[in-house]
Amino acid sequence: MTAPSTRYDLTGRTALVTGAGGLLGRQHTAALVDVGARVIVTDIGPSQCEAAITAVRAIAPGADLVPVTIDVTSQESVQAAAFDLTSRGISIDILVNNAAIDPKVTSTPGVMHSSRFEAFPVPQWQMEIAVGLTGAMLCSQVFGGAMAKRGRGVILNIASDLGVIAPDQRIYRQPNIARSEEQPVKPVTYSVIKHGLIGLTKYLATYWADRGVRVNAISPGGVFNNQDPAFVEKLTRLIPMGRMAHVDEYRAAIQFLCSDASSYMTGQNMVIDGGRSVW
Ligand SMILES: NC(=O)c1ccc[n+]([C@@H]2O[C@H](COP(=O)([O-])OP(=O)(O)OC[C@H]3O[C@@H](n4cnc5c(N)ncnc54)[C@H](O)[C@@H]3O)[C@@H](O)[C@H]2O)c1
């Protein structure tokens, strides 16, 4: 029998992380490096890739990191990256679909807030879905398709606690805005994308179950990142553990789900949210 710890070992395997330049993408990269993987660090531009590499190398100086620019909304961009990697003799064993848009919402007094469902702009709907959902589909099609051909691979979709529960819009309310239609809300796109990613996970898990490709999702709760204290207080009241996540608290789950430690698990969504979705 293999000792449990060696089942986490990703030595000799190559992972590709989308949106790796962001807050959690860097953490996923560091987690994978920690257990021996080479990581293809991808993001929409070279500066985001380089920023991630600098951050990860600061804690893991010997990390084997390869920057590749990928706009996940563009089939040409994803295919060009795959072609580039193949021509360098690199094949992808693990795909982490992490890229997403974090929409910035600002209030304009006297105007219905554009994040509200009744006013939600179609171009914003299309753009956010293109990144968060179509991007995961395209990367799975190209990199997952190659895994299925080789008969081995892992896909991990980064969903959210809001992929299993609805947002509680009360926590986004601004006390200084009287009219409810001017109040910002968590946009509909976030729920649709994250629920959709869990659907994509189940679809691909069964579609490729006989091809050696495992597909799972992780649904993290909100990470503390110096948000407005009033917002943090309202949010943490919804969390049985009474706090937001530390930025590095998903690393062990990433290692588990991307390695042979989870070899009999596919089509599942691991919810790590301090208990929020249980209440
Ligand atoms: N931070 C949290 O609290 C939290 C909680 C639950 C789930 N999540 C999910 O985790 C993932 C990462 O979140 P984060 O907080 O690190 O977000 P982030 O905004 O810090 O990072 C997202 C990254 O995606 C990249 N990106 C945007 N458009 C892209 C495109 N077209 N092609 C390629 N890359 C693109 C951005 O450049 C950025 O580096 C997201 O899927 C998010 O929804 C985050």
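User: Which residues of helix α7 (residues 251–258) are called buried?

Analyst: They are A253, I254, Q255, L257 and C258. Buried means under 20% relative accessible area, exposed means over 50%, and partly exposed lies in between (1.4 Å probe, protein chains only). The structure is a predicted model, in which local features need pLDDT of at least 70, side-chain atom pairs count only at pLDDT 80 or more, and totals for chains, interfaces and linings use all residues. Residues are numbered from 1 along each chain as its sequence is written, and side-chain values use heavy atoms, with hydrogens and water left out.

User: What do the buried residues of α7 pack against?

Analyst: They pack against helix α1 and strands β4, β5, β6 and β7. Contact here means heavy atoms within 4.5 Å. Helices (H or I, at least four residues) and strands (E, at least two) are DSSP runs, numbered from the N terminus.

User: What makes the sheet open, and in which order do its strands stand?

Analyst: There are 7 strands, in the order β3-β2-β1-β4-β5-β6-β7, with parallel pairing. β3 (65–69) and β7 (269–272) are the edges: each has a single partner strand, so one side of each lacks a neighbour in the sheet. From one strand to the next, the twist averages 20°.

User: How do you know that β6 and β7 pair?

Analyst: Two strands pair if DSSP finds at least two bridges between them. Strand β6 (residues 213–220) and β7 have 4 bridges, in the parallel sense. They therefore count as paired. Within this pair, S219 stands opposite V271 in β7.

User: Which helix packs on the sheet and touches β1, β2 and β3?

Analyst: Helix α3 (residues 75–87) does, touching β1 (14–17), β2 (38–43) and β3. Its direction makes about 145° with that of β3. Axes are lines fitted to C-alpha atoms, for helices over the stretch in contact, and angles run from 0 to 180 degrees between N-to-C directions. Helix α5 (residues 188–207) also packs on the sheet, touching β5 (153–158), β6 and β7, and its direction makes about 160° with that of β6.

User: Why is β4 said to have both faces covered?

Analyst: In a regular strand the side chains alternate between the two faces of the sheet. Strand β4 (residues 94–97) has I94 and V96 on one side, and L95 and N97 on the other. All four are buried. Strand β1 is covered on both faces as well: T14 and L16 on one side, A15 and V17 on the other, all buried.

User: How many bridges join β4 to β1, and how many join β4 to β5?

Analyst: 3 bridges join β1 to β4, which run parallel. A15 has I94 as its bridge partner in β4, and V17 stands opposite V96. 4 bridges join β4 to β5, again parallel. There, L95 stands opposite I155 in β5.

User: What makes a right-handed β-α-β unit with β1 and β2?

Analyst: Helix α1 (residues 23–34) does. A crossover is right-handed if, with the strands pointing away from the viewer, the path from the first strand over the helix to the second runs clockwise. β1 and β2 themselves pair in the parallel sense over 4 bridges. T14 has R38 as its bridge partner in β2.

User: Why is N226 called exposed, and what is its phi?

Analyst: Its relative accessibility is 65%, so N226 counts as exposed. Its phi is positive, about 60°, although N226 is not a glycine. Most residues other than glycine have a negative phi. N226 lies in the loop between β6 and α6 (229–236).

User: Is R276 buried or exposed?

Analyst: R276 has a relative accessible area of 7%, so R276 is buried. R276 lies in the segment after β7. Leaving aside neighbours within four places in sequence, its contacts include D161, D168, L235 and P240.

User: Why is M241 called exposed?

Analyst: At 54% relative accessibility, M241 counts as exposed. M241 sits in the loop between α6 and α7. M241 and G275 are 34 residues apart in sequence, yet 6.6 Å apart in space, C-alpha to C-alpha.

User: Which residues around the ligand come nearest?

Analyst: Of the 26 residues around the ligand, these are L24, D43, Y190, K194 and V223. A residue is near a molecule or strand if one of its heavy atoms lies within 4 Å of it.

User: What is the distance from the side chain of K194 to an oxygen atom of the ligand?

Analyst: An N or O atom of that side chain is 2.8 Å away. A polar contact is a pair of N or O atoms within 3.5 Å; within protein, one must be able to donate a hydrogen and the other to accept it, and residues adjacent in sequence count only if both atoms are side-chain atoms. The K194 pair therefore qualifies. A backbone N or O atom of N98 lies 2.9 Å from an oxygen atom of the ligand.
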